[in-house]
Amino acid sequence: MSPSITCTSLAFTWPDGTAVLEGLDVAFGPGRTGLVGVNGSGKSTLLKLIAGELRPADGTVRVAGEVGYLPQNVTLDTALRVDEALGIAGRRAALHAIEAGDVAEEHFETVGDDWDVEERALATLGELGLGHIGLDRTVGEVSGGESVLLRLAALLLGRPDVLLLDEPTNNLDLYARRRLYAAVANWPGVMVVVSHDRELLELVDQIADLRSGEVTWYGGNFSAYEEALAVEQEAAERMVRVAEADFRKQKRELADAQVKLARRKRYGQKMFEQKREPKIVMGARKRAAQESAGKHRIMHEEKLAEARERLDDAVDAVRDDDEIRVDLPYTAVPPGRDVLTLMDLELAYGARVDGGFDLRGPERVALIGRNGAGKTTLLRTIAGELEPVSGEVRAHVPLRFLPQRLDVLDAELTVAENVARFAPGATNNRVRARLARFLFRGARADQKAATLSGGERFRAALAALMLAEPAPQLLMLDEPTNNLDMASVRQLTTALESYEGALIVASHDLPFLESIGITRWLLMEEGELKEITTEAVGYSA
């Protein structure tokens, strides 16, 4: 039997009663499938159900073949050696024992037919750009991005029939992303990948669009999907225009019919009052006119109701995907005003800023560099979360920091309660009004943070910072596009375009950085912060 995934009448509901999937039927066969959809549509939940990380409330999941799963947030025990994280420590130890002359039978049983496991492991690490790590170092010595690739290396070594990837390029620098792209392009089995990374989605064979609890299939990569979607939307919008014209026509005809009926009624009443015909004849004519009028009115009302239904159906076919609505408070910084000063800064874990660095006015700074270079450490030091080893950090304006892990949220509190923590003086109505602009309307504002998807967590964390007082005149974002669907990335870009304060963004997403009008590029490399030209960005990132 060839590898495959079949989900039948699949349903899942969070413990607080929030329904994510209900009656979903979907099947994945050989090839690479990009699973797309707006944040909160259930993409990550579906992967967890297929991987067995979650149990469905109803329905079944059947997988033919062994499953490998790369979750959105990879956590590895930092005390593990690399070979242990790869799952080959036992076989490797048995091989070394045999090579040392120990011919105990259990060693041969452990190795089985996998005599080249060490060579395969080193080759896989090399293919993913991790050849420098080796097998004897500990996981604690690698960066967050490298730990993602290390987890992927373990999956590739295990040779699963079905590979599930949930936002695999999150936290990866451009160099590491290219390694992952190559691994995806060469994958021979069944693959389902959830991602907002357009370059990655260009490598898939088909797109599965999860929307309103149903999957719609599109052949080809993401570009082909967008083209097909554009054709669909153009046709849907045309149908809306036709349905609107028909609806207006039916309203006019109903109004005209009502005018005519009113005239008939007045004429009949006048004839009855003038008694020009026998009473019995006049009564019969009056009843017949009333019956005719009633039937005529009912006919036009039914036509109007049918036209309204056609219009509603046409409108439903046009996508109006919810996007985050970020209205940043007034945060203008005059040109030339001191915003941030760094002096001879030595950071924890070895990175440094030699001499001085000044940020003035509404400058927009991109902070780039490979994973583990110290970008997050620098932002956390500026935010006051880490003490510098030496040197000085001076922020001259109110600042806010949105960390990569979004740990500003308390998982046990609701969205509204989390936001209220940052603005204790705000009324409940004000908190909920602000949350509505971030798509947490009504009962959604009462969801616990622990039940939110990655994109929903981002929206909640950003809402909390934006509602906090004083409003930030320096906004620092660490990998803000991680876990956001493409619609939300576009809306975030638009929001940041209107932001009038200073901005520091650490990101590996060059298209996003270019879209928000970066004015200065800083490269963290080999523990040092350097300013680089725009031309050098693509190479350095």
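Tyr 69 has Leu 164 in β6 as its bridge partner, where helices (H or I, at least four residues) and strands (E, at least two) are DSSP runs, numbered from the N terminus. The strands concerned are β5 and β6 (residues 162-166), which pair in the parallel sense over four bridges, and two strands are taken to pair if DSSP finds at least two bridges between them. Strands of a sheet pair through backbone hydrogen bonds, either parallel or antiparallel. This is a predicted model, in which local features need pLDDT of at least 70 and side-chain atom pairs count only at pLDDT 80 or more, whereas totals for chains, interfaces and linings use all residues. Residues are numbered from 1 along each chain as its sequence is written, and side-chain values use heavy atoms, with hydrogens and water left out.

The pair belongs to an open sheet of six strands, with mixed pairing and the order β5-β6-β7-β3-β8-β9. Its edge strands, each pairing on one side only, are β5 (67-70) and β9 (214-219). On average, neighbouring strands of this sheet are turned by 20° against each other, direction ignored. Helix α6 (residues 144-158) packs on the sheet, touching β5 and β6, and its direction makes about 175° with that of β5; contact here means heavy atoms within 4.5 Å, and axes are lines fitted to C-alpha atoms, for helices over the stretch in contact, with angles that run from 0 to 180 degrees between N-to-C directions.

Helix α5 (residues 117-127) holds Thr 124, which touches Ala 153, Leu 156 and Leu 157, not counting residues up to four places away in sequence. Thr 124 is buried, with a relative accessible area of 10%, on a scale where buried means under 20% relative accessible area, exposed over 50%, and partly exposed in between (1.4 Å probe, protein chains only). In helix α1 (residues 43-51), the buried residues include Lys 43, Thr 45, Leu 46, Leu 47, Leu 49 and Ile 50, and the helix is followed by Gly 52, whose phi is positive, near 85°.

Charged side chains come next. A search of the whole structure finds 24 salt bridges, each being a side-chain nitrogen of Lys or Arg within 4 Å of a carboxyl oxygen of Asp or Glu. One of them joins the side chains of Arg 81 and Asp 83 at 3.0 Å, N to O; Arg 81 counts as partly exposed at 32% relative accessibility, whereas Asp 83 counts as buried at 1%. Arg 198 forms a salt bridge with Glu 202, with the closest N and O atoms 3.5 Å apart; here Arg 198 is partly exposed at 36%, and Glu 202 is partly exposed at 24%.

Taken as a whole, the chain has 17 helices and 18 strands. Its radius of gyration is 31 Å, well over the 24 Å that the globule rule gives for 541 residues, so the chain is more spread out than a compact globule; this radius is taken over C-alpha atoms, and the rule is 2.2 Å times the number of residues to the power 0.38. Along the principal axes, the C-alpha atoms fill a box of roughly 125 × 70 × 45 Å, and 48% of the 541 residues count as buried.
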